[in-house]
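Here are a few friendly notes to read alongside the structure. Please keep the view open as you go through the points.

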Amino acid sequence: MSWRWLIALAMLATGAACAEPIAIVHATAWTLTSDQPTNDATIVIDGGRIVSVAASAPPPEGALVVDAAGHPVTPGLMHAATPLGLMEVSSATETLDHSAKLAVPGAAFDIHTAVNGNSLLIQLARVDGLTRAVTYPAASPVPPFSGLGALLHLTPSGDIVERPRIGVFVSINNRAATASVGSRAAQWQLLRTALENAMATLASPATAPRPPDVQALEPVLAGRIPLAITTHRESDLRQAAKLARDFGIRVVIIGGAQAWRVADELAAAHVAVILDPTANLPISFDEIGARLDNAALLHKAGVTIAMALHGVQTYNAGSSLREGAGLAVANGLPYVAGLRSIISAPAEIWGVAEHHGTIAPGLDADLVIWDGDPLEPSTAALRVFVNGTEVPMTTHQSELRDRYLPFIQLMRAAGWE
């Protein structure tokens, strides 16, 4: 038998093993289709999708059985707004791809071609239970647009951009105003003018290709993708709600430190808020009203909320997300709402809930088995499945630990400290 046949047989055997259905048994399954977990659940996975979830059900014949031993099982976490994949080390400018310069069109600046799927930060986020994220551009010198974000699916392959142009991003705040046009009133005027001009252009017969910014804003005006506005101050949040009503578009707030002050107005305008649950200090004049129960107050008013932590959101995108949601729960947010804010709510906000965010038949089999409460900082992911395939739980950090730990132990045994 030739070596080519041997390789072919090995590939067929590997394919057969990958095609084997998986049954996770004895799970405390937080399906997020209800407010309570399904105890002693059996979750069946086949073909990268969830087939069934039921209490005390026997695994199907021939399935690979994974015993969760009563541990919590959730869908994979989803980070609602992060520069993951666009930034590796903030002080190393050659690793920064998250913002554009003056020559690049504002709304049409598309970052998805710069996403680094082999980033070590993505590797770390995946073993922390993060399987999806929306990465987005930072504020641009061209006000008020930052550009187009992208949906990432953190598979072990380098090709992790699942959906480019997931939303158009805007920055309206005191820092962006100071760096560009001087007044936030000008920022709002520029934004409204851009939307009005795009509407007028789209309503007229097309005699030539549409300008790039109009092409970027067309799905926003059609309601297919949201307009995501990074802003904090109460007056700006009221303008965002008014914008949603006036143009009939989906608006998402990123930040919203003072959102609790206008919670009812945001809820009425169906404006979702992606907030930092750790924000409780007046980092700027826009954030003087920051408070730790922001998430709880917004949830109580009926606002859809998700989490995005500033500063650590890239370097520890998974673990910091869980810790932030746990802090929000400690400050009044119901527990299941805390889980939803880092799993199913981001999927709803970005329009991907039809295949991610809950444990239900037909959805993607992105699942995490935890060794304890997912919202406790000391908890870790035991096993992570992406598209129904278990991913390695090794990282560059763990490999360094395993390489040098024996040497350190040997030195300590010899009396060296």
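1. Arg 192 is buried, because its relative accessible area of 18% falls under the 20% cut-off. In this predicted model, the side chain of Arg 192 forms a salt bridge with Asp 246, at 2.8 Å from N to O. Asp 246 belongs to helix H6 (residues 234-247) and Arg 192 to helix H4 (residues 184-203), so the pair links parts that are 54 residues apart in sequence.

2. Have a look at Asp 246 too: with 43% relative accessibility, this residue counts as partly exposed. Asp 246 also meets Lys 242 in a salt bridge, again described by an N to O distance of 2.8 Å. About one helical turn separates the two, because they sit 4 residues apart in helix H6. Lys 242 is partly exposed, at 35% relative accessible area.

3. Within the salt bridge between Asp 366 and Arg 132, the closest N and O atoms are 3.1 Å apart. Asp 366 lies in the loop between helix H11 (344-349) and strand S14 (367-370), and Arg 132 in strand S7 (residues 130-135), so this pair ties together parts 234 residues apart in sequence. Both partners, Asp 366 and Arg 132, are buried. The whole structure holds 18 salt bridges.

4. Finally, a word on the backbone. Leu 32, in the loop between strands S1 (22-29) and S2 (38-46), has a positive phi of about 65° although it is not a glycine. Leu 32 is buried, at 6% relative accessibility.

How values were computed:
Residues are numbered from 1 along each chain as its sequence is written. This is a predicted model: local features need pLDDT of at least 70, side-chain atom pairs count only at pLDDT 80 or more; totals for chains, interfaces and linings use all residues. Side-chain values use heavy atoms; hydrogens and water are left out. Buried means under 20% relative accessible area, exposed over 50%, partly exposed in between (1.4 Å probe, protein chains only). A salt bridge is a side-chain nitrogen of Lys or Arg within 4 Å of a carboxyl oxygen of Asp or Glu.
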